[in-house]
Amino acid sequence: MATVDLDNIKKRFGNTEVIKGVSLSVQDGEFIVIVGPSGCGKSTLLRMVAGLETISEGELRINGQRANEREPMDRDIAMVFQNYALYPHMSVAQNMGYGLKIAGLPKPEIAAKVAEAAKLLQLTDLLDRKPKQLSGGQRQRVAMGRAIVRAPSVFLFDEPLSNLDAKLRVQMRLEIRELQSKLGITSLYVTHDQVEAMTMADRMIVMNAGVAEQIGTPLDVYERPETLFAAQFIGSPSMNVIEAEARDGMLHFADITLPAPSGITGPVMLGVRPEHLAPDPEGPIEMQVLLAEPLGANTLLHGRLTSGAGFTASLPGVHRVAPGEGALRLSIEAGNMHLFDAKTGRRIG
Amino acid sequence: MAREVTGMVERRGMGLWFTHLLMIAGVLVIFFPIWLAFVASTVTQPEIVQPPMPLWPGDRFIENYTAALFSGVNVPVLTMLANSMVMAIGIAVGKIVISLLSAFAIVYFRFPGRNIFFWLIFLTLMLPVEVRIVPTYEVIAGFGMLNSYSGLIFPLIASATATFLFRQFFLTVPDELAEAARVDGARPMRFFWDILLPMSRTNIAALFVILFIYGWNQYLWPLLITTDPSMNTIVMGIKQMFPSGDDVADWPVIMATSILAMVPPVVVVISMQKLFIRGLVDSEK
Ligand SMILES: Nc1ncnc2c1ncn2[C@@H]1O[C@H](COP(=O)(O)OP(=O)(O)O)[C@@H](O)[C@H]1O
Ligand SMILES: [Mg+2]
C-alpha cells in the first residue's frame, strides 16, 4: 500500500532532455496507465520510478518519502518487463522465489508464498517447468507471479502484453486488472495501446515527446481532451481535425459554417470524433465517401470534405455506400465539438 | 542441425559409399602413427630397433607401462602426469575465472578507463607467451617461482580470447535480466553468481576443453622454468627422455609415455563433449 508522488521529474541523456518535467500524485491502490507513442519516454519515466534510471531533476516520493537515491530493491516495488525477463535456468518456482531468497527468507516460507501466488495465477502445475517450456501467456503469468510474491507496495508494468497475440492480450488485460484490484496494490502501467489505456486505467497520463499532455480518467480524456495530441491519440478511429476560422460567433471552414462557442476569434483547430457524426440530409458537413469499412456493429466511412481534407465518420449499423455516388451530409451536436488553439494545440472550447 | 543429419543419412547409393570410404581412409591415415606408437609401447626394445617394425601389439604391455608409470627414464611418468594435470587444470580454471570476471566488469560496469582496460586486454592478444618469454622468465625468477606450480600456471593465465568470448556472450544476455535481478535485490556479484554463471555453463564447458588442451600441450614455458625433474610436465618430459650422445633410447617406455600423455586430453574431450552437446541441445537463451 503506497502513494507515489512525482514532482517535476526530468531526465536528460547527455544533452537531450527526454522527460521534460512530469508531475503526478498517485493515490494508494490506484491503477495509473502511462500511454503515448513509441519513443515518447514512457519507459524512461517508469524506470526512474523503479530506480533503474537516475532522476536528473525533480523529486520522487514513495509513501511521502524521498526515493530518488534509493536502490530499486529498497523502494518496495516490483516490475514486470516487456520480455518477461525470466531467469532461463531457473524453474518457475525458483524464478518467483528468487527475490525472497535474496531477502533471506527461510525456505519453507518462500515455498509457501510461491505456492500461494501460483494458486492465484493458476501456475501450480507449472512450478517445476523452465521458462522455455511455457507459452507466452504462461510466461507472462510467471512474471506477474514474481512481482506479487514479494507483496510490494508498487507494481510497475512496462508494456507487459505487447508480445502476446490479440486474444490473449484482452484476456490478460482483464486478469491483470482483476488481480490488481483484489490485491489493492498501487500500479503504474506503461503501454502504447490506447485501448489498453482506456480499458484498464483509473487515471491515465497521455505522454508526448517527454511531456505529460494530460492526466485524467479515461472518460475525462476522451470527453475533454486538453490538447490536440491527446484528442487524436485517444479514441479509435482517431479524431478528425480541421483547420477553421472563428468569426462573429461562427466557425468557417471550406464552405461550411457552424455555430462557434462565444468569445473565440481567429484561426482554430476543430476536432470532431467520427462516432459523434450523425447522417442528416440537412447537416452542414458534406463528405465524399471514398471507402467504407463495415465492422458489423458500426461502419467507418473514409472520405474527403469539399475542401479536400480527409475525414472519417463512424456510423452505427451497416451502411452500404455504392462507390462513386457517396455524397453524404452529416451533422454534429455543438457539445461534441472540440476547439483547439491553432498555434499551441491547447483546448480553448 | 537435426535436419542436416537426416539429410546426410538419406543420401543413398554410390555417394554414400564413397563419402564413407573417404572418411575411413582419412581416419586410418591420421590414426596410423598413433597405432604404431601403441604397438611400439607393447614390444621389447630389440623388436623395435630391427626392421621391419612390428605392426601388431606384442605381449609387453603391462611391463612397459608399469616401467613408464613408476620409474620412467628420468622421473616416473605418474609424477609428470600429475604435474601436467595441475598445470592444465590450473591454467584452464584460472583463465576462465579471470576472463569471466573481466568480461563481467567490462560489460556490466561503467567505470573510468573502461575503454582503456578493454584495449589493454585486446593488446595482449598480440603478445603470446613466446614473444614475452624472456621478460616473463625474469619476473618469475625474481619472484622465486622457478620449479613451482605457480610459476607454471600464472604467466599463462591471462586470456584475451576467453575474455572476448565471454564479453560477446554477456552482450547477448538481455539487459532486462540484469534489471530484473536488480529489482529482485541482487547485488552485482550475486547476479554474476546466481544468473550469469549458470547461463554461461555451456560456454565454460567448451572453453574448459580448449584451455585444458592448451595448458596440457605447453612445451616451451615448462621447459624453461622447470629444471628439477620432479617438476617436469609430461609433454616436455617426453623430449627429455630422448637420449643425448651415445645412450640407448628406451623406445618402448618412451612410446608408452606418449600414449599415456594422450589419455587425459582425450578423456577430457570425450567427457566434456557430452556436457557440451547436452548444453547445446537444451540451449537456454
Ligand atoms: N540510455 C539511453 N541513452 C540515450 N537515450 C535514451 C536512452 N534510453 C532511452 N533514450 C531515448 O529516450 C527516449 C524515450 O525512450 P523510451 O522511454 O524508451 O520510450 P518509450 O518507452 O516511450 O518508447 C527515446 O528517444 C530514446 O531514444
Ligand atoms: Mg518502452
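How many cavities of 30 Å³ or more does the count come to? By the rule used here, the count comes to one. This is a predicted model, where local features need pLDDT of at least 70, side-chain atom pairs count only at pLDDT 80 or more, and totals for chains, interfaces and linings use all residues. Residues are numbered from 1 along each chain as its sequence is written, chains are lettered from A and ligands numbered from 1 in the order in which they are written, and side-chain values use heavy atoms, with hydrogens and water left out.

First, the terms. On a 1 Å grid over the protein atoms alone, a cavity is a set of points where a 1.4 Å probe fits but cannot get out, while a pocket is an open set with protein on both sides within 12 Å along at least five of seven lines; lining residues have an atom within 4 Å of a point. Points are joined across faces, edges and corners, and a volume is the space filled by probe spheres set on them.

The largest cavity has a volume of about 60 Å³. Its lining takes in residues of both chains: A78(A), M79(A), F81(A), R146(A), A147(A), R150(A), A180(B), V183(B) and D184(B). At least two lining residues each come from β6 (77-80) and α4 (136-149) of chain A and from α10 of chain B. Here helices (H or I, at least four residues) and strands (E, at least two) are DSSP runs, numbered from the N terminus.

The largest pocket comes out at about 860 Å³. It is lined by 30 residues, and Y108(B), R110(B), A178(B), E179(B) and R182(B) lie nearest its centre. In chain B, α5 (77-108), α9 (160-172), α10 (175-183) and α11 (188-199) each give at least two residues to that lining, with α10(B) supplying the largest share, five residues.

**Aromatic pairs**

Rings of Phe, Tyr and Trp (its six-membered ring) pair if their centres lie within 6.5 Å; planes under 30 degrees apart count as stacked, over 60 as edge-to-face and the rest as tilted. Over all chains, the structure holds 25 aromatic pairs. One of them is F229(A) with F233(A), stacked at 5.5 Å centre to centre with 15° between the planes. These two sit four residues apart in helix α8 (residues 228-233) of chain A, so about one helical turn separates them. F233(A) is buried at 18% relative accessible area, where buried means under 20%, exposed over 50% and partly exposed in between (1.4 Å probe, protein chains only).

Y108(B) and F170(B) make a tilted pair, because their ring centres are 6.2 Å apart and the planes stand at 55°. That pair links distant parts of the chain, with Y108(B) in helix α5 and F170(B) in helix α9 of chain B, 62 residues apart. F170(B) is buried, at 1% relative accessible area, whereas Y108(B) is partly exposed at 21%. Both belong to a cluster linked by ring pairs, along with F104(B), F109(B), F166(B), F169(B), F191(B) and F192(B).

**Chain A: overall build and a sheet**

Chain A has eight helices and 20 strands, and its C-alpha trace spans about 75 × 45 × 35 Å along the principal axes. Of its 349 residues, 50% are buried.

Five of the strands form an open antiparallel sheet, in the order β13-β12-β11-β14-β20. β13 (256-259) and β20 (337-341) are at the edges with a single partner strand each, so one side of each has no neighbour in the sheet. Strands count as paired if DSSP finds at least two bridges between them. β14 (residues 266-272) and β20(A) pair over five bridges, and M269(A) stands opposite F340(A) in β20(A).

Most residues other than glycine have a negative phi, and most peptide bonds are trans. S236(A) and P237(A) are joined by a cis peptide bond, with omega about -5°; P237(A) lies in the loop between α8 and β11 (240-247) of chain A. E159(A), not a glycine, has a positive phi of about 40° and is buried at 11% relative accessible area. N147(B), also not a glycine, has a positive phi of about 55° and is partly exposed at 25%.
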